[in-house]
Amino acid sequence: MEISGIISAIVIGIVIGVLGRLVLPGRQRIGVLWTIAVGIVAAFIGTALAAAIGVADTKGVDWIEWLIQIALAATGVAALERFKAPR
């Protein structure tokens, strides 16, 4: 992966993290930096999963890849919130 691909993955990861957080109902008690970090990780893993199942490169917008990434981000935000929540 080239440096431009990594930078674009980080930018897309920020968007994915925010979308993943918006998908979850209620208020999440994690910070914006954690949301961005989860989004970046979800973007990288989602791209790898989409490539593994053969839907990473399609004509037009890669909707399935985006849905995978958003679902992973929502799962990551929910898991991190449970882990960091005060008991």
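A: Helices here are DSSP runs of H or I with at least four residues, strands are runs of E with at least two, and both are numbered from the N terminus. By that count the chain has 3 helices and 0 strands. Along the sequence the pattern reads α-α-α. The radius of gyration (over C-alpha atoms) is 13 Å, close to the 12 Å that the globule rule (2.2 Å times the number of residues to the power 0.38) gives for 87 residues, so the chain is as compact as a globular protein of that length. Its C-alpha atoms fill a box of roughly 45 × 25 × 20 Å along the principal axes.

This is a predicted model, in which local features need pLDDT of at least 70, side-chain atom pairs count only at pLDDT 80 or more, and totals for chains, interfaces and linings use all residues. Residues are numbered from 1 along each chain as its sequence is written, and side-chain values use heavy atoms, without hydrogens and water.

An unreviewed UniProt entry places "transmembrane region" at residues 6-24, 31-54 and 66-83. Its positions follow the numbering used here, feature names are shortened, and annotations may be inferred rather than shown by experiment. Residues 6-24 are 95% helix and 0% strand, with end C-alpha atoms 27 Å apart. For residues 31-54 the figures are 92% helix, 0% strand and 34 Å between the end C-alpha atoms.

Now the packing. Start with helix α1 (residues 3-23) and helix α2 (residues 32-53). They pack at about 115°, with axes 7 Å apart. Axes are lines fitted to C-alpha atoms, for helices over the stretch in contact, and angles run from 0 to 180 degrees between N-to-C directions. α1 and α2 are therefore roughly perpendicular (65 to 115 degrees; under 35 is roughly parallel, over 145 roughly antiparallel, the rest oblique). Contact means heavy atoms within 4.5 Å. On the α1 side it includes Ala-9, Gly-13, Gly-17 and Arg-21. Among the α2 residues they meet are Thr-35, Gly-39, Ala-43 and Phe-44. The contact has 11 nonpolar, 4 polar and 1 charged residues. Ala, Val, Leu, Ile, Met, Phe, Trp, Tyr, Cys and Pro count as nonpolar, Asp, Glu, Lys and Arg as charged, and the others, Gly among them, as polar.

Next come α2 and helix α3 (residues 63-84). Their angle is about 140°, and their axes lie 8 Å apart. That makes α2 oblique to α3. This crossing is right-handed. From α2, the contact includes Trp-34, Val-38, Gly-46 and Ile-53. From α3, it includes Glu-65, Leu-72, Gly-76 and Lys-84. By class there are 13 nonpolar, 4 polar and 2 charged residues.

The remaining pair is α1 with α3. These helices pack at about 65°, with axes 8 Å apart. α1 passes α3 in a right-handed crossing. Ile-12, Val-15, Gly-20 and Val-23 are among the α1 residues here, and Trp-66, Ile-70 and Ala-74 are among those of α3. The classes are 10 nonpolar, 3 polar and 1 charged.

Finally, look at Glu-81. This residue lies in helix α3. Leaving aside neighbours within four places in sequence, Glu-81 contacts Arg-27, Gln-28, Arg-29 and Ile-30. Glu-81 and Arg-29 are 52 residues apart along the chain, yet their C-alpha atoms are separated by 6.3 Å.

Methods. Left-handed = near helix turned anticlockwise from the far one by under 90°.
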